[in-house]
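Subject: Structure handover

Hello,

Here is the structure for you to look over. My notes on it follow below.

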Amino acid sequence: SSLPPMLAASVIDQHLTDTIHYITHAEALQQFQKIMKDKRWRAAFEDKFGREQYEMLQPWLNNLARPQRPLMTAQEKMVEKMRHLATVQAFALNVKTAFLQLTSLSSTASEIGWGHTMRGVMHVAAHRGEALELMRQMSPFMKNRAETLTRDVAQNLRRNLSADQKSLHWEFGGKRYDVSLQDVEKFSFAFMGMTDLMVSAPSFYGAYFQALEKNGGDQKAAVLYAERVIAQAQSAGHMMNLSVMQQSNGIGKLLTMFMTYTMNLQNRMRYNTRGLLEGNISMGDYAQWLANDVIIPACLTVLITGYLKSGDVPDDPKEYAKEVGFSMLSGFPYLRLLQSGIEYGMGVDLFNSGMNKGLDGMVNMMLSANKWFWEDDDKKAQAQLFKFMKATLETAGFWTGTPVKPFIQFFQGSWDLMHGETKNPFALV
């Protein structure tokens, strides 16, 4: 190998983990790989699920053998570090992203129907904590849902499990408190996990009850079916639920940042469109799928985004039509970057990506500092000084992995509310 040896104490812990993993998994994985190579089994599998699904089995098997811990070059490590920082800035304490999780409930209805979906909603609403606790007991998949709902969050939290990871320590009131960086990130992603649970828990129970009715009460089979529905309709960050491009390192990972849900949507779009063209899906069923999986989530996205931004509901039909079009293209990595730039505005970069925020911040610091220094008008100079301070804090937050942007937004929103520049209470978030 051209890669240098890892000179870190964590390799001891990793070696012990790999040894135990080999003892428990090697024989079963070898046997399954033999089955995969059987021509008759492969033909039967491809006939039922398609060649693309068969080709996903080997990467999945590779991950079971060595779970998401590939050796990386220096360049790939740099990209991974940037991805980690960008994930914190994009998701941590982000109220808008958290609320947008609610828009995907109709995707569950596309899988199991609105009747079963609403049954799940009513069950969770009626039993609340008891229902959530039972769900976590029945399904390890759902127990860890908050940490695996997207690839980027899952890998961020897994990254901080290193044996070399230092903890934060402080004393208060005569007591010592120890908090790890993983605890900090878990807290910053907690609200997004909570809103996802408001969708995934009803989806789980809706699918669970549907399966119980069909299979005569087989609880184990019903749990497996419900987990499959969640992975299919709501997406998941497990390796077996990711595309080959998402599993890669370097440029592949960079181009598929924050695309766990959208690439899953693109796969469903291809599947249903192909079914329509081949005559396996009727026009009525296709229209119903399109409404539930694309149109309803896109329209809800416009409503939520518009209300959080201005406190009012957008009334321009073009806004809704544009979001529907963007949703249908959002699963293509290259087009997704261009679409994001068109929709939210490009900075100093060619593409609008979370990894560019640190660069944008540094450039904005220099631009605002220059304008502040040369500005003669006091009011305009104060505005440029505020922009400089804001860009400085955002840049420092990005490069240290600290979610400072929500706090800046809170203070800026508070200022605007107190001085009558806005009446929208959501300006705080």
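**Salt bridges**

Arg 40 and Asp 38 join through their side chains in a salt bridge, 3.7 Å from N to O. A salt bridge here is a side-chain nitrogen of Lys or Arg within 4 Å of a carboxyl oxygen of Asp or Glu. Arg 40 counts as exposed because its relative accessibility is 70%. Asp 38 counts as partly exposed, at 29%. Buried means under 20% relative accessible area, exposed over 50%, and partly exposed in between (1.4 Å probe, protein chains only).

Before the rest, two notes on the source. This is a predicted model: local features need pLDDT of at least 70, side-chain atom pairs count only at pLDDT 80 or more, and totals for chains, interfaces and linings use all residues. Residues are numbered from 1 along each chain as its sequence is written, and side-chain values use heavy atoms, with hydrogens and water left out.

The salt bridge count comes to 6. Another one pairs Glu 46 with Arg 42, with the closest N and O atoms 2.8 Å apart. Both residues lie in helix H2 (residues 39–49), 4 residues apart, about one turn of the helix. Helices are DSSP runs (H or I, at least four residues), numbered from the N terminus. An α-helix has 3.6 residues a turn, so residues three or four places apart point the same way. Glu 46 is partly exposed at 24% relative accessibility. Arg 42 is partly exposed too, at 33%.

Glu 213 and Arg 119 also form a salt bridge through their side chains, 2.6 Å from N to O. This pair links distant parts of the chain: Glu 213 is in helix H13, Arg 119 is in helix H8, and they are 94 residues apart. Glu 213 is exposed, with a relative accessible area of 52%. Arg 119 is partly exposed, at 39%.

**Helix H18**

Does the length of H18 fit what its residue count predicts, or what else does one find? Its 28 residues (283–310) should span 40 Å at 1.5 Å a residue, and the end C-alpha atoms are 38 Å apart, which agrees. The expected span is 1.5 Å times one less than the number of residues. H18 has a kink of about 40°, centred on Ala 291. The bend at a residue is the angle between axes fitted to the seven residues ending there and the seven starting there.

Buried residues of H18 include Tyr 286, Trp 289, Asn 292, Asp 293 and Pro 297. Among the elements that cover the buried residues of H18 are helix H6 (95–100), helix H7 (105–112), helix H8 (114–138), helix H17 (260–277) and helix H19 (317–329). Gly 311 follows H18 and has a positive phi, near 75°.

**Nonpolar cores**

A nonpolar core is a set of buried Ala, Val, Leu, Ile, Met, Phe, Trp, Tyr and Cys residues joined through side-chain atoms within 4.5 Å. The largest one has 22 residues. Met 135, Met 138, Met 142, Ala 201, Phe 204, Tyr 205 and Tyr 208 touch the most other members. H8, helix H9 (140–143), helix H13 (190–215) and helix H14 (219–233) each supply at least two residues of this core. H13 gives the largest share, 8 residues.

Look at Tyr 208. Beyond its neighbours within four places in sequence, Tyr 208 is in contact with Met 138, Gln 219, Ala 222, Val 223 and Ala 226. Contact means heavy atoms within 4.5 Å. There is also a second, separate core of 8 residues, which includes Met 269, Ile 281, Trp 289 and Ala 298.

**Two single residues**

Arg 128 is not a glycine, yet its phi is positive, about 40°. Most residues other than glycine have a negative phi. Arg 128 sits in helix H8. It is exposed, with a relative accessible area of 56%.

Met 263 is in helix H17. It is buried, with a relative accessible area of 11%. Met 263 and Ser 235 are 28 residues apart in sequence, and their C-alpha atoms are 9.0 Å apart in space.

**Confidence**

The pLDDT is the predictor's confidence in each residue, from 0 to 100. The mean for the protein chain is 78, and 75% of its residues reach 70 or more. Confidence is highest in H8, at 93, and lowest in helix H11 (residues 151–159), at a mean of 55. Over residues 160–166 the pLDDT is below 50, and this stretch has 13 contacts in the model beyond near neighbours in sequence. Residues 345–352 also have a pLDDT below 50, with 19 such contacts.

Best wishes
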